[in-house]
Each structure stands twice: as structure tokens, then as C-alpha cells.
Amino acid sequence: MPWARAVQETLDNPNLVLLSLLKTPNREDEFEWISSVNHMQASLIRLKQKETAHVNSLDDAKQFRVGSIRGYGSASFLKQEGFEENKNLALVAEPALLWKLLYMGRIDFALANFETGKYEISDAGFNPNDATSEYVIEALGADLFVATGLKTEQDKVSSLKHALSILKANGEYARILKKWGLEPIESAH
């Protein structure tokens, strides 16, 4: 389902889990934060063939069209930085649409985590080797979490926390990350 809807469903209903959610000040008290699971570093991603799209700052990027996912922290960040929908910001409901916009030339950059974005690009039917990270946005580097809504019973939250701690302690969690080309992080506990 679209991300914004998934977040709302998790807030409204018990026993739903989001994998993975960025912990922001606005969200801190709205969810039960089960465990950090990985680190995300967002960047402006462009097609390699688009040689005219070079930026060294967010201000540089304002002259281009940048895409993000509606409901993502990155979309809110771009708005706070002065990007405007239907001007230099395009928001879509799901990752496949974001990558389609980029690969069809409707946007110049997609704001995403390039490591996991490679899988989304491939799933959307495009070649991730045709894209490159143009500009890393340090302010959007953060740990991602497994989280559930406050309506989930505490015993279930505790069980999930315990199960994840076992997976991390016995090495299975690191093996899963490695399988998907991701590196375990020190702060993922």
C-alpha cells in the first residue's frame, strides 16, 4: 500500500509493523520503536546520462525538479527547505512511480537512499546501473527502525523486541543484511 496509508493504518490499528520507519521528532511519541535496523543516507539520485544535472547544494537543486514519496520524511524535509509541489517538487505515492518519473525524464533527481533504491529501481523495471548518487544530504542520514503503533499490546511489542535482539545476537540479522547488500551498523540494536 502507499507509504502514507501504511503509516496511518499502523497508527490506527493494533498489530501492524512498519519496516522500516525514520524516527523523527514528530513521530517520536506516535509509535512504539521496536529496534533500529539499518542506517539510511539519502541523496539526490540522477540518471548518469543526464550530464547537465549537477548540484553541490540543496539550493543548486532548486533549479531542477526533485521527486520524493508523499509521507516520507524526505518529502517534508524538501518542503522545509523551500521546495514547492508542482514547481520544483514532485511527490508520488510509491517508489515505483518515483523511479518511473526519473527514468522517463519527468524529474531530474529522486531523493532516496541509493543502497536500497537500487532494489526499488530494479523492481520498477529499470536498470539501477543507469543511475548515480549526485549529492548526499547529510541532514537526512539517520537510523531506520521497526515500529508499531501505540494500539499494539505491550506484550507483543516486548516479544518483537526480544525476537530482534536474538536475531542480532546470533548473527542471523547480519546475514540477512549482507544477503541484500547492506552493511550492519553499530547503532542497530
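Asn-38 finds its bridge partner in Leu-144 of strand E8, with strands being DSSP runs of E of at least two residues and helices runs of H or I of at least four, numbered from the N terminus. All of this comes from a predicted model, where local features need pLDDT of at least 70, side-chain atom pairs count only at pLDDT 80 or more, and totals for chains, interfaces and linings use all residues. Residues are numbered from 1 along each chain as its sequence is written, and side-chain values use heavy atoms, with hydrogens and water left out.

E8 (residues 142-149) runs antiparallel to E2, and 8 bridges link the two; strands count as paired if DSSP finds at least two bridges between them. The open sheet has 3 strands in the order E1-E8-E2, paired in the antiparallel sense. E1 (17-22) and E2 (31-40) are the edge strands with a single partner each, so one side of each has no neighbour in the sheet. On average, neighbouring strands here are turned by 30° against each other, direction ignored. Angles run from 0 to 180 degrees between N-to-C directions, and axes are lines fitted to C-alpha atoms, for helices over the stretch in contact.

Helix H6 (residues 154-169) packs on this sheet and touches E1, E2 and E8, contact meaning heavy atoms within 4.5 Å. The direction of H6 makes about 25° with that of E2.

Elsewhere, the axes of helices H4 (residues 95-103) and H5 (residues 114-123) come within 9 Å and cross at roughly 80°. H4 and H5 are therefore roughly perpendicular, a label for angles of 65 to 115 degrees. Pro-95, Trp-99 and Tyr-103 of H4 meet Gly-117, Glu-120 and Ile-121 of H5.

Technical notes:
Angles under 35 degrees count as roughly parallel, over 145 as roughly antiparallel, 65 to 115 as roughly perpendicular and the rest as oblique.
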